[in-house]
Amino acid sequence: QVQLVESGGGLVQAGGSLRLSCAASGRAFSTYAMGWFRQAPGKERELVAAISRSGSTDYADSVKGRFTISRDNAKNTVYLQMNSLKPEDTAVYYCTTYLGGSYYSGLSNYWGQGTQVTVSS
């Protein structure tokens with residue numbers, strides 16, 4: 001059984017920064033790609049960023065240049081550094097794991113409980 005626990009969300013003013021963390025347990029963390037998704041009220045869940053087991057990254061166009069995904073395999077943790085936050089970044093952020101080492105391998109059914117990020121204008 002895989003467990004994913006997100007933390008680090010909160011309320012921040014536009015232009016501010018937050019760092020999200022996702023601690024994983026229950027599987028060989030280092031062998032799987034990981035991803036961050038977000039879901040705003042009334043909208044579908046969307047990909048924010050993904051990182052492969054080798055460290056390759058992929059970002060949604062809306063966050064390129066502002067967000068950075070990284071992983072620490074020794075700590076079984078994936079991070080999302082969010083800078084220059086905008087009100088439109090307001091959402092619940094979820095982490096998930098992919099089925100393989102690449103983020104092209106398809107999503108697993110494992111999701112964290114989510115962490116709320118609210119950006120005020």
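This is a predicted model: local features need pLDDT of at least 70, side-chain atom pairs count only at pLDDT 80 or more; totals for chains, interfaces and linings use all residues.
Is Thr96 buried or exposed?

Residues are numbered from 1 along each chain as its sequence is written, and side-chain values use heavy atoms, with hydrogens and water left out.

**Exercise 1. Describe the surroundings of Thr96.**

Step 1: Thr96 has a relative accessible area of 0%, so it is buried (under 20%; exposed is over 50%, partly exposed in between, with a 1.4 Å probe and protein chains only).
Step 2: Look for neighbours. Leaving out residues up to four places away in sequence, Thr96 touches Leu4, Met34, Gly35, Phe37, Leu107, Ser108, Tyr110 and Trp111, where contact means heavy atoms within 4.5 Å.
Step 3: A polar atom of the Thr96 side chain lies 2.7 Å from the backbone oxygen of Tyr110.

**Exercise 2. Find the aromatic pairs and classify them.**

Step 1: Rings of Phe, Tyr and Trp (its six-membered ring) pair if their centres lie within 6.5 Å; planes under 30 degrees apart are stacked, over 60 edge-to-face, and the rest tilted. The whole structure holds two such pairs.
Step 2: Phe37 and Trp111 are 5.2 Å apart centre to centre with 75° between the planes, an edge-to-face pair. Phe37 lies in strand β4 (residues 34-39) and Trp111 in strand β10 (residues 107-111), so the pair ties together parts 74 residues apart in sequence.
Step 3: Check accessibility: Phe37 is buried at 10%, while Trp111 is partly exposed at 30%.
Step 4: The ring centres of Tyr103 and Tyr104 are 5.1 Å apart and the planes stand at 50°, so this pair is tilted. Tyr103 is buried at 17%, whereas Tyr104 is exposed at 71%.

**Exercise 3. Locate the disulfide and give its handedness.**

Step 1: Search for cysteine sulfur atoms within 2.5 Å; the count is one disulfide.
Step 2: Cys22 and Cys95 form it, with sulfur atoms 1.9 Å apart.
Step 3: The torsion about the S-S bond of Cys22 and Cys95 is about 40°, so the disulfide is right-handed.
Step 4: The bond links distant parts of the chain, with Cys22 in strand β3 (residues 18-25) and Cys95 in strand β9 (residues 91-98), 73 residues apart. Both cysteines, Cys22 and Cys95, are buried.

**Exercise 4. Which ring lies under Arg19?**

Step 1: Arg19 lies over the face of Tyr79, 4.0 Å from the ring centre.

How values were computed: Helices (H or I, at least four residues) and strands (E, at least two) are DSSP runs, numbered from the N terminus. A charge sits over a ring if NZ of Lys or CZ of Arg is within 6 Å of the ring centre and within 35 degrees of the ring normal. A polar contact is a pair of N or O atoms within 3.5 Å; within protein, one must be able to donate a hydrogen and the other to accept it, and residues adjacent in sequence count only if both atoms are side-chain atoms.
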